[in-house]
Structures are given as structure tokens and as C-alpha cells.
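The following note comments on a single structure, shown directly below. Its points are numbered and may be read in any order.

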Amino acid sequence: ATTGSPDGSKFLRDDMAWESAAGGFHQMVVKTASDTTYSPDTGVTKLLVEVQGAGGGSGDTTGPTGTSSGAGGGYARVQLTVTSADVMNVQIGSGGQNATTTGGTGGASSFTTVSGTSFTTITSNGGVGGGLTTQGASGGTATGPVGGLYITGGYGSMENQNSSGGHSWFGYGGMSTGTGNPQSRDGVGYGSGGSQAAASSGIGADGADGLVVIWEYK
């Protein structure tokens, strides 16, 4: 005799008990706002979490040479084992703003345990802002549990190169138009850097905000 109640979503084990079949992929959750909590949906046992840091901004200039562009934010992809009782906190980095001489560095994005399953915080740092320098701004780094995938954001271009902001996993940095005022453009993809301010334009560009994407599996 069997135990349990059969239906179209269950299978019969060798001990003659009906049990729910594994569900595989369940849903994707996208977080674009900070200071929010997250708990896996009922029955979810695995997460694939992507954390993208924000892009850096570029500096304003009225001088004969342009500023360097902002760099892209770091990126992390980590698989986690969880239960639906776990609670996590999500922080989204804000894009670095254009500013006099040197643009702001992008904010870090993170995914952290509040209660339940314990794991090291996943953090993706923002890209450095561009300024009056011949060196390209450094991309943000990422850290987290062993076994994750961690990618440094794209470097910003050097000053007066009329080039784009640093790229991120989720898209391209802003691209300078080369003519007109403003000549610079904000970061396009999540976590990408703002393009440089061309010579004498006086206006930099902002980096793009970060992002957290959570893939749930049963």
C-alpha cells in the first residue's frame, strides 16, 4: 500500500511513499533599492545571487585637457544553500556623481545574512571616479564565499581620450559624443562608469547604480 496522496506533481518512492518532485528553477527576483530584506520563497533550497557594484562618475573640467572617465563596479556570482526561513539584507550602491575635478566613486552593493543560514557577506565595490589624471580609474573589486565568481569592473579611460566609461557585467559605460556641450554621457548599464568630460566642456557624467539579482531554485 502507498502512503500520502498522489497528484501530478509527485513521484512514488521505492518505499511506496508519494513525494513532491524537485521543482528546478522557480523565479528571478531583481533588487534595485537599498535597505530591503529578502527571504526565499516557500520550498526554495538554492540561490544563485548576482551582486553588481555601482559605476564611478567623471570630473568636470574647464581646462585644456579632459578628465578621465569613471570605472565600472565589481561583480559577484555566488551559489548559496538556503531555507525559506532565512532573511537577508540587500544594499544597492549608488552611482558616483560628476563633481569638480574628480568624480565620485560608486557605492558598494551587498547581500548579507540577517538570520538563518550563515555565509560570508557578498560585496561588490563601486568603480573609482575619474579626474584630471593620465591614469585610468580602477574598477571595483568583489568578495564573498569561496567558490564564487568575482570580476573586477572595467577601468576608466585616460583623460582626453574621448572614450567611454568603464564597462560592467551588465552593460557599457557612457560614451562621449565628441562634440557639443555636454560632451559626456552617464553610464548606460547597471554598474557602468560615466564618460569623461572632454577638453573645456566643464561637465562630467554620473556612474550607473548597482544591482542585485536573485535566482531561486527548488
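Is Arg77 buried, exposed or partly exposed? With a relative accessible area of 30%, Arg77 is partly exposed, a class that lies between buried (under 20% relative accessible area) and exposed (over 50%), for a 1.4 Å probe and protein chains only.

1. Basis of the note. The model is predicted: local features need pLDDT of at least 70, side-chain atom pairs count only at pLDDT 80 or more, and totals for chains, interfaces and linings use all residues. Residues are numbered from 1 along each chain as its sequence is written, and side-chain values use heavy atoms, with hydrogens and water left out.

2. The salt bridge. Side chains of opposite charge can pair when their charged atoms come close. The count here is one salt bridge, defined as a side-chain nitrogen of Lys or Arg within 4 Å of a carboxyl oxygen of Asp or Glu. Its partners are Glu50 and Arg77, whose closest N and O atoms are 3.7 Å apart. The pair links distant parts of the chain, since Glu50 belongs to strand β5 (residues 46-52) and Arg77 to strand β7 (residues 75-81), 27 residues apart. Strands, here and below, are DSSP runs (E, at least two residues) numbered from the N terminus.

3. Surroundings of Glu50. Glu50 counts as buried because its relative accessible area is 7%. Its side chain also makes a polar contact with the side chain of Tyr75, at 2.4 Å; such a contact is a pair of N or O atoms within 3.5 Å, where within protein one must be able to donate a hydrogen and the other to accept it, and residues adjacent in sequence count only if both atoms are side-chain atoms. Leaving aside neighbours within four places in sequence, the residues in contact with Glu50 (heavy atoms within 4.5 Å) include Trp169, Phe170, Leu211 and Trp215.

4. Strand β14. Five of the seven residues of strand β14 (residues 211-217) are buried, and the strand is mostly covered. It runs antiparallel to β5, with seven bridges joining the two; Gln52 has Leu211 as its bridge partner.

5. A nonpolar surface patch. Phe25, Met28 and Val30 together form a nonpolar patch on the surface with about 280 Å² of accessible area. Areas come from the Shrake-Rupley method with a 1.4 Å probe, and for residues only the protein chains shown count as cover. Patch members have over 30% relative accessible area and no salt bridge; nonpolar side chains (Val, Leu, Ile, Met, Phe, Trp, Tyr) are joined within 5 Å, like charges within 9 Å. Met28 lies in strand β3 (residues 25-31) and counts as partly exposed because its relative accessibility is 42%.

6. The five-stranded sheet. An open sheet with antiparallel pairing is formed in the order β4-β8-β10-β11-β12. β4 (36-38) and β12 (142-143) stand at its edges, each with a single partner strand, so one side of each has no neighbour in the sheet. Five bridges connect β8 (residues 87-91) with β10 (residues 109-115), and Met88 stands opposite Thr113. Between β10 and β11 (residues 122-124) there are three bridges; Phe111 is partnered with Ile122, and Ser109 with Ser124. In the hairpin of β10 and β11, with six residues between the strands, Gly116 takes a positive phi near 100 degrees.

Definitions and conventions. Helices (H or I, at least four residues) and strands (E, at least two) are DSSP runs, numbered from the N terminus. Two strands pair if DSSP finds at least two bridges between them.
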